[in-house]
Amino acid sequence: MKCCFEEDIEIAELILKETARQNSVLRLIPSENYISDEVADALASSFGNKYSEGYVGKRYYQGTKNIDELESLVITRAKTLFNVPHVNVQPYSGSIANASVYFSLLDVGDSLMGMELSSGGHLTHGFPKITFSGKYFKSFSYPVGKDGFIDYDLVRDLAVQHRPKMIISGASSYPRSIDFSKFGEIADEVSAYHVADISHIAGLVATGLHQSPVEYADVVTTTTHKTLRGPRGAMIMVTKKGLDKDSDLANKIDKGVFPGMQGGPHDNTIAGIGVCLGEALKPEFSDYISQVVKNAARLAEELQKAGFDLITGGTDNHLILVDIRGKGLDGWLFAWALEYAGIIVNRNAIPYDPNPPFYPSGVRLGTPAVTSLGLKETDMVKIAGWMKEVADIAQSIAQNTGDTVQELTGGGNGLPANLDKNRRKEIRRAFSVDPRLGEISGAVAKFVSSFADTGSSVGKGASRRVD
Ligand code: PLP
C-alpha cells in the first residue's frame, strides 16, 4: 500500500492505517459508505483551492467561470435525480442545511416539531436545550408508538395541539418506511411548513425504493454521504408544492444558506456531489440500492433467528435497530465487544429507552457500506452468526468480570447502564484480550479484505482506494 504523499509521514501513516482499517472490518454503521475513486478525485481536485461566495452568475469573487459551470451542472443533476424545481448544493453538512432552512423560514422563538431523539429523530429536529434547533426555536417532538412505528394519529394530535410553524419528517434511526403523504396532510391541516429530511434514505428515494416526499413537502433536505454514496455534504431542495405556497421560497432558502449561515461554498465537495449524483443517475445505482435493501432485510431476518430483538421486528430500509437488553448487554458493551471482533456498529437509543444516551439499550446497524463492497444476502447469514457469537461471549465476559458477578439481564438496579465506570473499563479490557473475539476479528478481516482486494463493488463505485 502506498499513499499519495510522503512529505508528511505522520499524516500519511494515519491515512494508510485508516484505509487498512476500513478494508479489514465490517462497517455496519448505516450512515457510512465507501466513496468511488471518482468522488475522491473530485474532492482532492483544484476546486478546493477556490473561493466563490455567492451563487451562479452572482459571485463576490473573480475567477469563477468554471465554478459557475460546475455548480449549474450539479444543480441540474440533482433536479433530475429528485425531480424538484430548485436545489441548493452549497450546505456544508446536513446539520447546517437544516439550520439554514429553519432560520430561512422561521423567526427565533417560532415552534417546530420533529421526531423525538430516542424514537429515531436527529439532534437538529428540535432536540431541546443542547442544539440550535431546541435553543432558538420552541420545539415539540412526536414519539413513535410503543411498537416502534410512527403513530400518524398521534403526530396529528400533537400537531393540532401545538400548531407548530414547521413539521419535520425523516429520521436517523427509524427502520421503517415513512409515509410522507400523511405528514404532508398533517402539515397542511395546521398550516405548517413540511420539511422532509431524507438524509438517511436519499439513495432509496432517488431510486424509487422509498416513497419520495417531493410531492408532499415544501422543502427537502439531505446529506450526500450516506446511502447516496457521495462526499460529506448536503443539499436543500425546494419543491413545486413549496413554490406554489410561497413563490419566494427558493430565494429565501438560498439567502438562508449564504449569507445567512455560511461563507464560501466548498467547491471541491460540490464537484464530488456532482460525481455522486452522476453515479446515482445510472442504472447500476438502482441495483446497488436494491441490494442494500435486500441485504438489510436478510440481516434482520437472520438476527431474529439468532435471538436478537429488533425494534419494529424488522426493517423496510437500509437500517436495523437492535434492542440488546435481551442478550444481557447494553449498547455500549455490545458495540465494544463487536469492535474487538472487527464489526463496527454504533450504540443507539431505542424508543422509550430507560437508559441514558451514553449507555443506551440498543445498537444501530445498516448495509450501505458492506453492499458497496459487494456483499450479498448469503453474507448476511455469516454476519448474523458472528454477531450472535460476539453477544454470547460478551455476555459471559460481562457477567464474570470483576469482584462480584452482576446481573446484567435488565430491570431495576441490574440494568447494565448502572455498571460503574471502573467495572466497564475492566470488562472492556477483558473484551480486548479475549482470544475468541480476536479469532472472529481475524476471520472478519480475511473475509472483508477478499472483497476489498477483488474490487467487486457495485457499479465500479465504492472505492477502497487501497493503492
Ligand atoms: N439529518 C439526519 C436525518 C441525519 O441522520 C444526519 C446525520 O447523521 C444529519 C441530518 C446531519 O448531518 P451532518 O452530520 O452532515 O451534519
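## Strand S10, an enclosed strand

Five of the five residues of S10 are buried, so this strand is largely enclosed by the rest of the structure. Buried means that 20 or more other C-beta atoms lie within 10 Å of a residue's own; exposed means 12 or fewer, and partly exposed is in between, with C-beta atoms placed from the backbone. Strands (E, at least two residues) and helices (H or I, at least four) are DSSP runs, numbered from the N terminus. This is a predicted model: local features need pLDDT of at least 70, side-chain atom pairs count only at pLDDT 80 or more, and totals for chains, interfaces and linings use all residues. Residues are numbered from 1 along each chain as its sequence is written.

In a regular strand the side chains alternate between the two faces of the sheet. In S10, Ala 234, Ile 236 and Val 238 point one way. Met 235 and Met 237 point the other way. S10 also has partners; two strands pair if DSSP finds at least two bridges between them. S4 and S10 pair in the antiparallel sense over three bridges, and Val 87 has Met 237 as its bridge partner in S10. S9 and S10 run antiparallel too, joined by five bridges. There, Thr 222 has Met 235 as its bridge partner in S10.

## Helix H10

Helix H10 covers residues 249-257, and its buried residues are Leu 249, Ala 250, Ile 253, Asp 254, Gly 256 and Val 257. Seen down the axis of H10, they fall within an arc of 160° (taken from the directions from the helix axis to the C-beta atoms), so they line one face of the helix. An α-helix has 3.6 residues a turn, so residues three or four places apart point the same way.

What do the buried residues of H10 pack against? Their partners are strands S2, S4, S9 and S10, and helices H4 and H9. Contact here means that two C-beta atoms, placed from the backbone, lie within 7 Å.

## Strand S7 and its partners

Met 166 and Ile 168 point one way from S7, Ile 167 and Ser 169 the other way, and all are buried. S7 pairs with S5 in the parallel sense over two bridges. It also pairs with S8 in the parallel sense, over four bridges.

S7, helix H7 (residues 180-189) and S8 make a right-handed β-α-β unit. Right-handed means that, with the strands pointing away from the viewer, the path from the first strand over the helix to the second runs clockwise.

## Around the ligand

How many residues surround the ligand? There are 15, and the closest are Ser 93, Gly 94, Ser 95, Ser 172 and Ser 199.

## An open sheet

Four strands form an open sheet in the order S11-S12-S15-S14, with antiparallel pairing. S11 and S14 stand at the edges, each with a single partner strand, so one side of each is left without a neighbour in the sheet. S12 and S15 pair over five bridges. In this pair, Ile 320 stands opposite Leu 365.

Gly 314 sits in the loop between S11 and S12. This glycine is partly exposed, with 15 other C-beta atoms within 10 Å.

Terms used: Near = placed C-beta within 6 Å.
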